[in-house]
Amino acid sequence: MSLPLLNPDRWINDYADALYSYTLPRVNDAALAEDLVQETFLSAWKARNSFKGEASEKSWLFTICKNKIIDHYRKKARDITQSLPEPSTPDGLFDESEHWLPESQPGQWDMQQQPTDSKEFYAILEKCRKKLQEMQQAVFSMKYLEDLDAAEICKVLNITSSNYWVLIHRAKLQLRGCLEKNWIHAK
């Protein structure tokens, strides 16, 4: 049986832009995104003989990239988590599923168009996300961009579920406040 055919000579032309576009919003740093894409190609090159062809070349590269992003957050978390205080209890704005409690929900936003249809909205959202603390960004990205569940995030970042809850809670509050201040005026 022959090994599946990879084309490493075409990786940069075929996948560099897509991998960069995938990585940048997850790390909020252009230079870091470039480095992670380069590390992805280097790891793929080193592992090229173990490629079994169970997934497409593109999927394989994206999986490597996703793991590089998670490894980045795992490494950063080791340094940062030492200083995180152990929280007492969340302050009652979200339920166990991380959704707003009815009495804590943001007010109706007065919008002419859907914010998700606006490039300006996404630009402001990115600016607001960049204002989050590094661990808040990591947790938020892993939860909402990588679609990891809380247990996986806690394991990757080596944090307790209480610390996870506080980080995601504070990230949501900060993003809400920033969007309300810079984009949408609550009714």
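Asp147 sits in the loop that links α5 (134–144) to α6 (150–157). Before we start, note that this is a predicted model, where local features need pLDDT of at least 70, side-chain atom pairs count only at pLDDT 80 or more, and totals for chains, interfaces and linings use all residues. Numbering runs from 1 along each chain as its sequence is written, and side-chain values use heavy atoms, with hydrogens and water left out.

**Exercise 1.** Work out which secondary structure elements the protein has, and in what pattern.

Step one: find the elements as DSSP runs, with helices being H or I of at least four residues and strands E of at least two, numbered from the N terminus. Step two: count them, which gives seven helices and zero strands. Step three: read along the sequence to get α-α-α-α-α-α-α.

**Exercise 2.** Find the residues that make up the negative and positive surface patches.

First, the rules: patch members have over 30% relative accessible area and no salt bridge, and like charges are joined within 9 Å. A salt bridge puts a side-chain nitrogen of Lys or Arg within 4 Å of a carboxyl oxygen of Asp or Glu.

The negative patch consists of Asp29, Glu34, Asp35 and Glu39. Glu39 belongs to helix α2 (residues 30–46) and is partly exposed, with a relative accessible area of 37%.

The positive patch is made by Lys127, Lys130, Lys131 and Lys181. Lys181 belongs to helix α7 (residues 161–182) and is exposed at 67% relative accessible area.

**Exercise 3.** State what share of the contacts between residues at least 6 apart joins residues at least 24 apart in sequence.

A contact needs heavy atoms within 4.5 Å. Keep the pairs at least 6 apart in sequence; among these, 73% join residues at least 24 apart.

Terms used. Patch = residues over 30% accessible without salt bridge, like charges linked within 9 Å, V, L, I, M, F, W, Y side chains within 5 Å. Areas by Shrake-Rupley, 256 points an atom, 1.4 Å probe, with all protein chains shown as cover. Lys, Arg positive; Asp, Glu negative; His and termini not counted. Charge placed at Lys NZ, Arg CZ, Asp CG, Glu CD. Buried < 20%, exposed > 50% of the residue type's maximum accessible area, 1.4 Å probe, protein only.
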